[in-house]
Amino acid sequence: MPARPANSTENPATRVSTRPLPFSPAFCSRMLSDLLLRDFRCFTECRVPLHPETTLFIGRNAQGKTSLMEAACVLLRLQSPRTSQKGELIRLGATTMLVEGTLDGKKVRCAQSATARRLAIDGAVCGRSGDYLAQSGLVVWMDHRDMNLLRGGAEHRRRYLDFAASQMFPDYLKALRGYERAVRGRNYVLKRDAVIQWRQADAFAGVMDEFAQVLRDRRQSLMDSVRPHVAKVHHDLSTGAEAVEVSYVPGFSGASLAEELAARRDEEGRNRQTAAGPHRDDLTLTLNGLDASTYASEGQQRSAALALKVAQARVLEEAAGKPPLLLLDDVFGELDAQRRRALLGLLPPGTQKIITTTTLDWARDEVVGGMVYGVEVGVVKQIEAGEIL
Amino acid sequence: MAALDYPPPLRRLIAQLKTLPGLGPRSAERMMLWLMHDAGRIEPLVDALADVTTRVHACDDCGFFIENGQECALCRNPKRQQRILCVVEQPSDVLRLERSGAFHGLYHVLGGKLSPLDNVTPEDLRIEPLLARVKSLHAEEVILAVGSDVEGEATAGYLNELLRAEGLSVTRLAQGLPAGGALDHVDELTLYQALQGRRKL
Ligand SMILES: [Zn+2]
């Protein structure tokens, strides 16, 4: 990618400042204005006011700054991109973790023990997670693992689909959980006996089928929305030099998954696993018509990964009518100045951001205003810009 | 010196309590303490358990419970429709459906649902007896009133294949049941409606 000459008229070098940015009341009401963690990961108790635009957590690795972002993600979406084991969120030695925050002026709260979860909005208990999620906010999470969208296995791209689709479609998570359970049951049946009990395998295929249709429809329509944004964002990131195309490749093609599986019985008999279905879904990315996972440079792959995530933010904004909360875990440090600036410019305006970083070196040249916190061994302390710069 | 522990009979009691579903080591220990707190608490429990083993068994036909020496109030009731069979997971489901008042045929308790991940295979369920029973009763319709979670649906699909091969009409409870739920979380009115609106598989 050709280096762009520094343009002195845009992004005047500004130091990080703790001065609150001017913001409109409309944005003010669309955000997470504070966060309280109790017995969450390494935090015994921690209360952090958040800035309407940018909150920065600075600290060395393993001090807990990513856990603060994770808490925001758990509070809003009841899931963490870092773990599927809910117990890991509870501080060692504690029995229950609690995350609480003020979202759009409402008090939202999520408490989790080893066996139970309690959700509440404005003090009223929310029995169904679906009701809670419908009233909660949307989230985009970006971190260094996003490169796996290009370089990693298909499971990383399916996780991308799941993270966005579960926020856009109320029936998605239920279909996903049901499908996963059914396919695990079916794979177990295929492996269990010397002579495969096909009637049992077929019964589980029948259950998978209905869920599979939902997942394919939803993932397809998500990617229909994402595709033009990815092309546009990548175009802007690469200053028009490259064309990126992303497409959804479903793991089964016919009208019925059960029929497709029945037709592939020999193959399943040999491999002892379910041969088709949404668990085989993938995305393909091409750069100027060539497979981006093999032919793109590291810089180009990094841009494509960013484009996928920015596109996700835009699609979620379209779906919800307001920008999602952006959680950026240590992404700026590893970008060059040009991509960093481009990324900041591409994020939907007025978006609330929580950013973690190990160093503020990169921020010296950017317009990043807001609140700045230092994080050290599970203790969070607001710091003045002058102390660190 | 060995670490101090409860005397062996108490350890054995805790071990037994732990085998009960939903009871972890801590709850089992609490239950033992509760029993030991007052000697009067143990006798009635021992009595009830002894009574169950000597006075109750499951009906060979439907799988519901009968007091020894008595006939099955369901299977031996001539007023019930003999050619329509309702398949449920547990004996408790029989009571729930009966209380809905919407069903007047015979029941068949499977004793669970197909669940490979929990190691439950068709051989662990009363499926062979079901097939024998539909033949001997010359049944015309079988209602599958199993849960609507993944395993319940798979069980329904499995039984549907087997029963249709026998030329039977197979129906499933209508929608309105909470998705992923078992029958014991459903109120009687919902069950009544679900039975009225059962759909053909
Ligand atoms: Zn009986």
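In chain A, β4(A) and β5(A) form a hairpin with two residues between them, and D104(A) in the turn has a positive phi of about 50 degrees. Strands (E, at least two residues) and helices (H or I, at least four) are DSSP runs numbered from the N terminus. This is a predicted model: local features need pLDDT of at least 70, side-chain atom pairs count only at pLDDT 80 or more, and totals for chains, interfaces and linings use all residues. Residues are numbered from 1 along each chain as its sequence is written, while chains are lettered from A and ligands numbered from 1 in the order in which they are written.

- Strand β4 (residues 96-103) of chain A runs antiparallel to strand β5 (residues 106-113) of chain A, with eight bridges joining them. Two strands pair if DSSP finds at least two bridges between them.
- In this pairing, L98(A) stands opposite A111(A) in β5(A).
- A second hairpin takes β5(A) to β6(A) through three residues.
- Five bridges join β5(A) to strand β6 (residues 117-121) of chain A, and the two run antiparallel.
- V108(A) stands opposite I121(A) in β6(A).

**A three-strand sheet**
- An open sheet in chain A has the order β9-β10-β11, with antiparallel pairing.
- Its edge strands are β9 (244-249) and β11 (290-291) of chain A, each pairing on one side only.
- Two bridges join strand β10 (residues 282-287) of chain A to β11(A).
- L287(A) stands opposite L290(A) in β11(A).

**Chain A overall**
- Chain A has 13 helices and 15 strands.
- Buried residues (20 or more other C-beta atoms within 10 Å of their own, with C-beta atoms placed from the backbone) make up 44% of the 389 residues in chain A.

Conventions:
Buried ≥ 20, exposed ≤ 12 C-beta atoms within 10 Å, placed from the backbone.
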